[in-house]
Amino acid sequence: MIPQTTPRSERLHIGIFGKRNAGKSSLLNAITGQNVAVISPVKGTTTDPVFKTMELLPLGPVVFIDTPGFDDEGELGELRVEKTRNILRKTDIAILVVDDASSLEANCELIAMFDIADVKYITVYNKREPIPPVDTAVSAEDNGYARLSHPLYVNAATGENIDALKNLLAQIKPATHPSHPLVADILCPNDTVILVTPIDESAPKGRLILPQQQVIRDILAARAIPILTQTEELSAALASLRHPPKLVITDSQAFKQVAAILPPDTPLTSFSILFARHKGVLHQAVQGARTIDNIRTDDNILISEGCTHHRQCDDIGTVKIPRGIEAHTGAKPIYTFSSGGEFPQELSRFKLIIHCGGCMLNNREMLYRQNAAQAAGIPITNFGVALSHMQGILRRCVAGIM
Ligand SMILES: Nc1nc2c(ncn2[C@@H]2O[C@H](COP(=O)(O)OP(=O)(O)OP(=O)(O)O)[C@@H](O)[C@H]2O)c(=O)[nH]1
Ligand SMILES: [Mg+2]
């Protein structure tokens, strides 16, 4: 049940940007050594982002994102800017591909977007033949970025100088990556951790979901002992232990039943609370949960999920949380739901944002969403934090991990 490869959300995201036909897709293929993206002399070949995961040592697991060309002509202006902005939200490092026939200034709109999104970029000049001889020795900068003392010329079609680019990328240590640990930092070797993972009709067939897999992996990395159970077997699992567990981690949906079974002094939390911590957004989520108490009828609430799973009849985001809010407040608010990569640009009409743990989103994207909420003055909380708040057990659920 442990993932075969590092989940995409845990990888450094390297976006490849530039004008149409600059050679972005050729560059992705050259870097990965595979025919991942379609290449053609026709401008505008790439219309949607192409993701390719790879190990780039010593940097580690990364994901490259090939993007549609960013031109003045062609695709509708605002749509093109919006698409690029969406990719930039998750980009840890950008590669700006400049066709040697063009100039850096011709990319000024894109460069301005990098600056606004606070994304560092490396400029790569493509298509110059023959490539001018350059010193490709890399020097480290104080801010964790590496740089070359000369412009970097490559030939994305033949692969010339691609190793110099990979070498440069591999030296980078961006600030938003890696994230806080999931749970390993609060565990000692031989600690027992009980994981309550209901296998109900909303659980996928034949596997555990990603947050469960990642938490198990982290517990094992701490040389602690994970014990998996469903709610019905929790009492039996507790009774089989000689010492109380160091921690119980439950699916947020089972908080009520689990809290009722556990002795009050047994530390309890949930997978989505651990992910809020992992993504660096837990403090804000705990603050944001207080707003739930003041929700009134007709207030707007945004419920946002990072994945686009098929919704089940008792779905947590669209059914259980609204039901919980209505039971808790007696109010009938208006819900807006967003999923996957989409997150509304305009947030001011919302009284509260309730977000999933974000196991499918990288840190940069989660921090972007948190910052966007903060900038608009809108409280943002998290599925597990919201549910535990409404159960009256939030303090207990974050006691040992904040
Ligand atoms: N001569 C030469 N041709 C190149 C080089 N890199 C790419 N090309 C060619 O330039 C054309 C465009 O390459 P792509 O990789 O599709 O460009 P792109 O930036 O992904 O283009 P869009 O997807 O349309 O935005 C193709 O015909 C490539 O074979 C290079 O370094 N030298
Ligand atoms: Mg392309």
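# Reading a predicted protein chain and its ligand

The protein chain exposes about 18,500 Å², and carbon and sulfur atoms supply 53% of that area; accessible areas come from the Shrake-Rupley method with a 1.4 Å probe, and for residues only the protein chains shown count as cover.

This is a predicted model, in which local features need pLDDT of at least 70, side-chain atom pairs count only at pLDDT 80 or more, and totals for chains, interfaces and linings use all residues. Residues are numbered from 1 along each chain as its sequence is written, chains are lettered from A and ligands numbered from 1 in the order in which they are written, and side-chain values use heavy atoms, with hydrogens and water left out.

User: How many helices and strands are there in the protein chain?

Analyst: Helices (H or I, at least four residues) and strands (E, at least two) are DSSP runs, numbered from the N terminus. Here there are 13 helices and 16 strands. The radius of gyration of the protein chain is 23 Å, close to the 21 Å that the globule rule gives for 402 residues, so the chain is as compact as a globular protein of that length. The radius is taken over C-alpha atoms, and the rule is 2.2 Å times the number of residues to the power 0.38.

User: Is D66 buried or exposed?

Analyst: Buried means under 20% relative accessible area, exposed over 50%, and partly exposed in between (1.4 Å probe, protein chains only). D66 is buried, with a relative accessible area of 0%, and lies in strand 3 (residues 60-66). Of the 402 residues in the protein chain, 51% are buried.

User: With which side chain does the side chain of D66 make a polar contact?

Analyst: A polar contact is a pair of N or O atoms within 3.5 Å; within protein, one must be able to donate a hydrogen and the other to accept it, and residues adjacent in sequence count only if both atoms are side-chain atoms. The side chain of D66 makes such a contact with that of S25, at 2.5 Å.

User: Which residues come nearest to ligand 1?

Analyst: A residue is near a molecule or strand if one of its heavy atoms lies within 4 Å of it. Of the 23 residues around ligand 1, the nearest are K24, S25, S26, G44 and N126. A polar side-chain atom of S25 lies 2.8 Å from an oxygen atom of ligand 1. In the side chain of E129, an N or O atom is 2.9 Å from a nitrogen atom of ligand 1. The protein covers 85% of the 660 Å² of accessible area that ligand 1 has on its own.
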